[in-house]
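The sequence and structure are shown first.

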Amino acid sequence: MTEIIMTGPLMAYAADQLKKRFTVHELWKAEDRAAMLREVGDKVRGVAGGGSHVKIDGSLFDALPKLEIVSNFGVGYDNVDAKEAGKRGLIVTNTPDVLTDEVADLALGLLLATVRQLPQVDRYLRAGKWLEKAYPLTTSLRTRKVGIVGLGRIGKAVASRLEAFGIPVAYHGRTRQADVSYRYYPSLVEMAADVDTLVSVAPGGASTHHMINAEVLKALGPNGILVNVGRGTVVDEQALIEALKNKVILSAGLDVFEDEPRVPAELIAIDHIVLLPHVGSASVHTREAMGQLLVDNLASWFDGKGPLTPVAETPWTKKA
Ligand code: NAP
Ligand code: 8YV
């Protein structure tokens with residue numbers, strides 16, 4: 001059987017399928033990972049990536065001389081050094097599309113939860129405070145203008161949901177998109193100044209690192225709300241903490257953080273914001289679809305049919 005490595009835990013739905021089809025080495029379970037890699041490294045032809053905070057880079061590729069493909073669990077693949085993979089002639093695949101609606105639904109839920117303080121209101125009721133007086137009035141989505149940072153698959157699904165809510169949408173990205181009618185801002189600071197709500201769905205990596213910084217938060221202003229369901233590294237977390245503490249912006253709803261699963265105590269201490277443990281795609285339905293695509297990419301590759309969803313850095317064209 002073809003041998004592969006799993007770099008982190010995957011749901012049983014996907015792991016069981018992999019174990020039927022491949023000899024699977026569970027790297028994260030090894031007490032001595034280097035020893036496992038020395039023992040099995042020259043037989044391994046595939047990697048099943050185990051989640052967004054499990055790094056897969058040149059040092060792993062060095063240990064796997066027969067490696068052909070990395071099948072990543074997640075559409076975001078900033079955890080994988082895909083450029084390096086491309087240089088080595090490896091294929092990297094991700095899990096686009098199957099999670100788009102789930103993450104967009106969560107983004108809207110997080111936006112509403114933040115604007116209308118739903119977790120805080122729930123805590124208020126449970127603490128018996130409603131018996132004393134009504135919860136204070138909150139801010140509203142009704143008057144807001146949203147700027148989407150990263151109008152890709154998920155960003156567009158967020159935008160169409162916002163349109164249904166009657167909320168004006170603008171976007172920032174590296175390129176203007178001819179097929180959308182939302183206002184485009186080449187400058188993120190200018191967009192932040194013109195809207196009062198930012199929803200970030202941008203990928204991680206060097207080109208987006210700390211793109212949402214103190215200057216952008218200042219431009220967003222004292223009524224400003226930041227929702228981040230993209231990657232934590234896109235936001236300068238320290239600048240965000242300062243902006244929240246000093247009321248430079250009003251609030252934040254965060255599903256992703258710079259150093260997951262560690263969340264700064266300073267953020268946790270800010271009671272009026274909403275913090276989620278990276279659950280954008282975390283329903284059984286969607287995680288199974290992602291797991292299936294991870295498995296199908298490996299199966300298709302080792303059946304000689306090519307990868308199903310290769311990333312841009314490792315394109316694949318069928319040989320004639
Ligand atoms: P996508 O279709 O590739 O969209 C990414 C968007 O980001 C594109 O519109 C791109 O536009 C923009 N972008 C890329 N680099 C940029 C830069 N340097 N500056 C400004 N904009 C930039 O990806 P997707 O499927 O929508 O997924 C987006 C991200 O969501 C993933 O990469 C992942 O990090 C995150 N995600 C999070 C969860 C969660 O559980 N919270 C779940 C799934 C995905 P331009 O190319 O025009 O710049
Ligand atoms: C994954 C994600 O659940 O797809 C992505 O980019 O962030 C999430 O959908 C995560 O990668 C699993 O750890």
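**Domains and their interface**

The model is predicted. Its chain is divided into domain 1, covering 3-96 + 285-302, and domain 2, covering 100-275. Eight residues from domain 1 and six residues from domain 2 make up the contact. The C-alpha centres of domain 1 and domain 2 are 32 Å apart.

About 620 Å² is buried between domain 1 and domain 2, and carbon and sulfur atoms contribute 50% of this area. On the side of domain 1, the most area is lost to domain 2 by His53, Asp78 and Thr286, which together account for 55% of what that side buries.

One salt bridge is found across the interface of domain 1 and domain 2. A salt bridge also joins arginine 231 to aspartate 78, with the closest N and O atoms 2.9 Å apart. Two residue pairs are in polar contact across the interface of domain 1 and domain 2. The side of domain 1 that touches domain 2 comprises two nonpolar, five polar and one charged residues.

**Ligand 1**

Ligand 1 is surrounded by 25 residues, of which the closest are Arg153, Ile154, Arg174, Thr175 and Asp255. By class, this shell around ligand 1 holds ten nonpolar, eleven polar and four charged residues. The table below includes polar atom pairs of ligand 1 with aspartate 255, and with the backbone of arginine 153 and of glycine 280. On its own, ligand 1 has 930 Å² of accessible area, and the protein covers 87% of it.

**Ligand 2**

The residues around ligand 2 include Gly51, Ser52, Phe73, Gly74, Val75, Arg231, His278 and Met290. Four nonpolar, six polar and two charged residues form the shell around ligand 2. Arginine 231, which forms the salt bridge with aspartate 78, also places an N or O atom of its side chain 2.8 Å from an oxygen atom of ligand 2. Taken alone, ligand 2 exposes 320 Å², and 89% of that is buried by the protein.

**Polar atom pairs at the ligands**

| Residue and atom | Ligand atom | Distance |
|---|---|---|
| Arginine 153, polar backbone atom | Ligand 1, oxygen | 2.9 Å |
| Aspartate 255, polar side-chain atom | Ligand 1, nitrogen | 2.8 Å |
| Glycine 280, polar backbone atom | Ligand 1, oxygen | 3.3 Å |
| Glycine 76, polar backbone atom | Ligand 2, oxygen | 2.8 Å |
| Arginine 231, side-chain N or O atom | Ligand 2, oxygen | 2.8 Å |
| Histidine 278, polar side-chain atom | Ligand 2, oxygen | 2.7 Å |

Key: Residues numbered from 1 in each chain as written. Chains lettered and ligands numbered in written order. Predicted model: local features only at pLDDT ≥ 70, side-chain atom pairs only at ≥ 80, totals over all residues. Heavy atoms only, no water. Domains from an automatic or database assignment. Contact = heavy atoms within 4.5 Å. Buried area = accessible area lost by both parts, 1.4 Å probe. Salt bridge = Lys/Arg side-chain N within 4 Å of Asp/Glu carboxyl O. Polar contact = N/O pair within 3.5 Å; in protein donor to acceptor, adjacent residues only side chain to side chain. Nonpolar A, V, L, I, M, F, W, Y, C, P; charged D, E, K, R; others polar. Near = heavy atom within 4 Å. Areas by Shrake-Rupley, 256 points an atom, 1.4 Å probe, with all protein chains shown as cover.
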